[in-house]
Every structure is written in structure tokens, then in C-alpha cells.
Amino acid sequence: WRSGPDPDDVKAAVKVLLAAKDPLLYVGEGVYYADATPELLTFAELAHVPVLTTLKGKGTFPENHPLSVGVRGSHAEHFLRKADVLFSIGSSLFPNRFSHAIPDADKKTIVQCTVDLLDINRSYETRHAVIGDAKLTLQALIDELAKRGAPRKPGLVEEIRGAKQAFVAKFRPLMEST
């Protein structure tokens, strides 16, 4: 059985996302369970926000996409630390070997979109919760964001590209070593 999110919670979440200086989408395996990878791609592109996935959420967002900061590494850590709004979709936010701990979580606004009410405030203070199936939630978020429009952040794609290149450059000698 799938349940959709409260429209007021969706509006509040989008309002927070649009007001953020450095938002980050933090995506978990719940997007897989809901068969919502196309909706995630649409939402991320519409919001023009960097996307980090948990290890179990790896592949929910194309890692060759210009907005992808991947799963692990210094480039992913950079965006995780920099974020003022952590916009979680399909993740419990419980830190373990499959997901990141949230650095300086008390200084970030956390928006958590999850199907499980027990995930809210489990590990970190959730300032805004959107409870519902990830597919239905992402569809509602897309509709609301499309009504409001999202500003493009100049230089964001270049920042992500530069961080990835620096990460790869660090390990290139090892990858090309005979």
C-alpha cells in the first residue's frame, strides 16, 4: 500500500529548498523500493541541486550526471559539509556502514522525505518531514517546484566537475600504475 505526502508538508519542504544557499539532495534506497529513479532525476534537474547517494542508494541517480557528487570520497564529503539544507529522500539518515554521518547536523536544516515515521528525528533533528512513498512524494515535489520555479545556481556544475576532477587526479597515478 502506498501513501502520498501531505500537500502542506510538500509546500513547506519546497519553500526550504528554494531558500537554501547550498542545498544537497541526500538519496537512499527508498527511491529504489518505490521505483522512483525517473522522478528523482526529474526533481534533481528541476531543483538544480547536487545529489549524493548512500551506498545502498548507489545508482538511483546517474553517477555520470553533472549534478552527481557520488557516494564516497572527498568530493562527496565537500558537498555534505558545505550543505546548509540537507534534503533527504528515501533514507533513514541513520549513520552506518552504508550511509554517511551528517557533519555539523545541528547547523543544517534537515528535510526528510521518508515512508517510515520512525525515521523522523531518529539520528538527527528533522526540521521538516514529508511522510509518504518516495515516488508519490517526488511527484508532489516536482509539481510544487514546477509551480514555483527554481533558480539556476551559476557555477554549480563547474564546482561539481572540478571536485570530481581533483578527486580522480589524486588517484590517477595509482589507477595508471603498472
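Guide: Let us begin with a term: a patch is made of residues with over 30% relative accessible area and no salt bridge, and nonpolar side chains are joined into one when they lie within 5 Å. Please keep in mind that this is a predicted model.

Visitor: Which residues form a nonpolar patch on the surface here?

Guide: Val168, Phe171, Leu174 and Met175 form it, and together they have about 380 Å² of accessible area.

Visitor: Why does Leu174 count as exposed?

Guide: Exposed means over 50% relative accessible area, and Leu174, whose place is in helix α6, reaches 65%, so it counts as exposed.

Visitor: And what about Thr126, is it buried or exposed?

Guide: Thr126, which is found in the loop between β5 and β6, has a relative accessible area of 10%, and because buried means under 20%, Thr126 is buried.

Visitor: What makes the pairing of the side chains of Thr126 and Gln112 a polar contact?

Guide: A polar contact requires a pair of N or O atoms within 3.5 Å, one able to donate a hydrogen and the other to accept it, and the contact between these two side chains, at 3.0 Å, is therefore within that limit. Leaving aside neighbours within four places in sequence, Thr126 is in contact with Ile110, Gln112, Ile120 and Asn121.

Visitor: How do you know on which side of α4 the buried residues lie?

Guide: In helix α4, His75, Ala76, Phe79 and Leu80 are buried. They cover an arc of only 135° around the axis, which puts them on the same side of α4. These buried residues pack against β1, β2, β3, β4 and α6.

Technical notes:
Residues are numbered from 1 along each chain as its sequence is written. This is a predicted model: local features need pLDDT of at least 70, side-chain atom pairs count only at pLDDT 80 or more; totals for chains, interfaces and linings use all residues. Side-chain values use heavy atoms; hydrogens and water are left out. Buried means under 20% relative accessible area, exposed over 50%, partly exposed in between (1.4 Å probe, protein chains only). Helices (H or I, at least four residues) and strands (E, at least two) are DSSP runs, numbered from the N terminus. The arc is that of the directions from the helix axis to the C-beta atoms. Contact means heavy atoms within 4.5 Å. Patches are made of residues with over 30% relative accessible area and no salt bridge: like charges are joined within 9 Å, nonpolar side chains (Val, Leu, Ile, Met, Phe, Trp, Tyr) within 5 Å. Accessible areas come from the Shrake-Rupley method with a 1.4 Å probe; for residues, only the protein chains shown count as cover. A salt bridge is a side-chain nitrogen of Lys or Arg within 4 Å of a carboxyl oxygen of Asp or Glu.
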